[in-house]
Amino acid sequence: MEANPGSTHILVIGAGAMGAQIAMTAALAGYTTSINDVSRTQLDAAAAQLRTRTDKMIQSGKLGSGAAAAAHVRLRFSTELDAVASSADFVIEAATERLEIKREIFAVLGRLTPEHAILATNSSTLGSSKVAAASGRPDRVCNMHFFNPALVMECVEVVRHPGTSQATVDTTMALARSLGKSPVLINREVPGFIANRLMGAVQREALALLAGGVASREDIDTTAKGALRHPMGPFELMDLVGLDVVTDIARATHAETGDPADAPNDAVMSLVREGKLGRKSGAGWYTYDH
């Protein structure tokens with residue numbers, strides 16, 4: 001399969017924020033795109049959110065109204081996996097970060113999708129080797145990790161497992177480029193891949209500085225931006241990603257490495273328990289107007 005918008009059907013599993021934006025990215029690039037989720041409510045919410053987001057892009061001059069309208073026409077929302085999987089050429093799984101759920105999804109996809117279809121997981125922590133065997137086609141399985149917000153962020157991490165074929169790698173890299181992304185190839189599975197390992201190291205040090213009373217979160221963020229040229233500080237970034245997601249990433253990484261330094265941070269988990277998840281909830285390390 002080649003990355004050809006005119007003849008390729010992309011299926012995204014999971015209608016959360018990531019899945020919805022990945023699907024819209026594909027639709028904007030000209031691909032026939034389907035989003036599948038077990039929840040019709042979640043699908044309806046995703047459709048509404050994508051309408052709002054593309055409207056804002058039109059208003060800011062980043063997207064033409066005609067291109068937006070055409071993309072929405074190319075986008076299909078379905079709770080019936082059988083109906084959309086049978087014609088899928090490339091699948092991107094963006095379900096919850098729970099291994100048992102992902103394995104079940106890949107087993108079903110292996111049965112329902114055409115033999116040539118590539119099955120990719122958007123997981124930021126779980127290597128595709130953990131779900132490859134369940135699919136029945138391990139050579140056509142890999143990670144294709146987008147970053148939040150997927151409509152904006154250019155980098156995509158493509159991670160091969162030991163059984164991933166070169167043809168799968170080449171097709172996935174080509175697809176990412178056709179979506180307007182800048183893919184990086186990771187040749188060996190490591191917990192957290194590249195970006196999360198770098199981000200985790202900065203976040204751990206920022207949290208240690210805060211806990212030690214060395215500086216306020218505001219001053220730590222200001223230093224990261226003003227001295228290191230980071231576009232946002234580590235606390236701002238955690239709020240953007242979502243403190244629940246930050247905790248999930250840490251939990252999954254710790255499960256892989258066993259290193260106490262990789263375990264979820266107590267201060268972050270405390271905020272999550274209070275319902276302070278970051279920008280999406282209106283409060284995290286900072287408070288936001290919705």
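In what order do the 8 strands of the open sheet run? The order is E3-E2-E1-E4-E5-E6-E7-E8, and the pairing is mixed. Keep in mind that this is a predicted model. Below is a quick tour of that sheet, the helix on it, the nonpolar cores and a few aromatic side chains.

**The sheet**
- The edges are strand E3 (75-78) and strand E8 (182-186), each of which pairs on one side only.
- On average, neighbouring strands are turned by 25 degrees against each other, if you ignore direction.
- Strand E1 (residues 9-13) runs parallel to strand E4 (residues 90-93), and 4 bridges hold the pairing. Look for Leu 11 here: its bridge partner in E4 is Val 91.
- Strand E5 (residues 118-121) and E6 are also parallel, with 3 bridges between them. Here Thr 121 sits opposite Asn 143 of E6.

**Helix H1 on the sheet**
- Helix H1 (residues 17-28) packs on the sheet and touches E1, strand E2 (32-36), E3, E4 and strand E6 (141-146).
- The direction of H1 makes about 170 degrees with that of E2.

**Strand E6, inside the structure**
- E6 is largely enclosed by the rest of the structure, because 6 of its 6 residues are buried.
- In a regular strand, side chains alternate between the two faces of the sheet. In E6, Val 141, Asn 143 and His 145 point one way, while Cys 142, Met 144 and Phe 146 point the other way.

- In soluble globular proteins, nonpolar side chains tend to be buried together.
- The largest nonpolar core here has 36 residues, and Ile 10, Phe 90, Met 144 and Phe 146 have the most contacts inside it. H1 supplies the largest share, 7 residues.
- Leaving aside residues up to four places away in sequence, Met 144 touches a list of residues including Phe 90, Ile 92, Ala 120, Val 156, Leu 175 and Leu 179.
- Another core lies apart from the largest one; it has 14 residues, among them Ile 13, Val 84, Phe 106 and Leu 119.

**Aromatic side chains**
- Searching the whole structure turns up 1 aromatic pair.
- Over at Tyr 286, Arg 217 lies over the face of the ring, 5.3 Å from its centre.

Definitions and conventions: Residues numbered from 1 in each chain as written. Predicted model: local features only at pLDDT ≥ 70, side-chain atom pairs only at ≥ 80, totals over all residues. Heavy atoms only, no water. Phe/Tyr/Trp six-rings, centres within 6.5 Å; stacked < 30°, edge-to-face > 60°. Lys NZ or Arg CZ within 6 Å of the ring centre and 35° of its normal. Pairing = 2+ DSSP bridges. Helix = DSSP H or I, 4+ residues; strand = E, 2+ residues; numbered from the N terminus. Axes fitted to C-alpha atoms, helices over the stretch in contact; angles between N-to-C directions. Contact = heavy atoms within 4.5 Å. Core = buried A, V, L, I, M, F, W, Y, C linked by side-chain atoms within 4.5 Å. Buried < 20%, exposed > 50% of the residue type's maximum accessible area, 1.4 Å probe, protein only.
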